[in-house]
Amino acid sequence: VQLQASGGGLVQVGGSLRLSCAAYGSISNVNPMGWYRQAPGKQRELVAQITGGNSTNYAESVKGRFTISRDNARNTLSLQMNSLKPEDTAVYYCNLRSFQVLVGSYYDYWGQGTQVTVSS
């Protein structure tokens, strides 16, 4: 599985960006997918996640501003980010979780990361 993220950039406070992630390889519609971010000096954190059944989960800090979606036919994941704040500045990573039956746990695949910078 390979994940290729795109769409990051520099935006002013209150602006919008849309991140996209293309997934290649052996992918099932049931794989949970999500976006994580990592700011300088901080740990990587979950931003939003979406299951194969399109159930979503958001970090409290982005609720009401960010929307995650997926297109299973095209194996793509998107994150619409509105009302951006300086604290949203980070490298954003696309994630896909694959359940490994033999070990009974998930394996995480990661994209290369895309920089989002929100300037004030």
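Tutor: Start with Val-13, which lies in the loop between β2 and β3. This is a predicted model, in which local features need pLDDT of at least 70 and side-chain atom pairs count only at pLDDT 80 or more, while totals for chains, interfaces and linings use all residues. Residues are numbered from 1 along each chain as its sequence is written, and side-chain values use heavy atoms, with hydrogens and water left out.

Student: What makes Val-13 partly exposed?

Tutor: Its relative accessible area is 44%. Buried means under 20%, exposed means over 50%, and partly exposed is in between (1.4 Å probe, protein chains only). Since 44% falls between those limits, Val-13 is partly exposed.

Student: Which residues does Val-13 touch?

Tutor: Leaving out residues up to four places away in sequence, Val-13 touches Leu-84, Pro-86, Val-118, Ser-119 and Ser-120. A contact means heavy atoms within 4.5 Å. The C-alpha atoms of Val-13 and Ser-120 are 5.5 Å apart, although 107 residues separate the two in sequence.

Student: Is Val-11 buried or exposed?

Tutor: Val-11 has 12% relative accessibility, which is under the limit for buried, so it counts as buried. Val-11 lies in strand β2 (residues 9-12). Beyond residues up to four places away in sequence, Val-11 touches Ser-16, Leu-17, Leu-84, Thr-117, Val-118 and Ser-119. Its C-alpha atom is 32 Å from that of Ile-27, 16 residues apart along the chain.

Student: How many helices and strands does the protein have?

Tutor: It has zero helices and eleven strands. Both are DSSP runs numbered from the N terminus: helices are H or I, at least four residues, and strands are E, at least two.

Student: Why is the protein called as compact as a globular protein of that length?

Tutor: The radius of gyration is 14 Å, close to the 14 Å that the globule rule gives for 120 residues, so the label applies. The radius is taken over C-alpha atoms, and the rule is 2.2 Å times the number of residues to the power 0.38. The C-alpha atoms fill a box of roughly 50 × 30 × 25 Å along the principal axes.

Student: What share of the protein is buried?

Tutor: Buried residues make up 39% of the 120 residues. In soluble globular proteins, nonpolar side chains tend to be buried together.

Student: Which residues have the most contacts inside the largest nonpolar core?

Tutor: They are Trp-35, Leu-79, Met-81 and Tyr-92, in a core of 29 residues. Strands that each supply at least two residues of this core include β3 (17-24), β4 (33-38) and β9 (90-100). A nonpolar core is a set of buried Ala, Val, Leu, Ile, Met, Phe, Trp, Tyr and Cys residues joined through side-chain atoms within 4.5 Å. Not counting residues up to four places away in sequence, Tyr-92 touches several residues, among them Trp-35, Leu-79 and Met-81.

Student: What is the phi of Asn-75?

Tutor: It is near 55°, a positive value in a residue other than glycine. Asn-75 sits in the loop between β7 and β8. With a relative accessible area of 26%, Asn-75 is partly exposed.

Student: Where does Ser-83 lie?

Tutor: Ser-83 is in the loop between β8 and β9. Its phi is near 50°, a positive value in a residue other than glycine. At 40% relative accessibility, Ser-83 counts as partly exposed.
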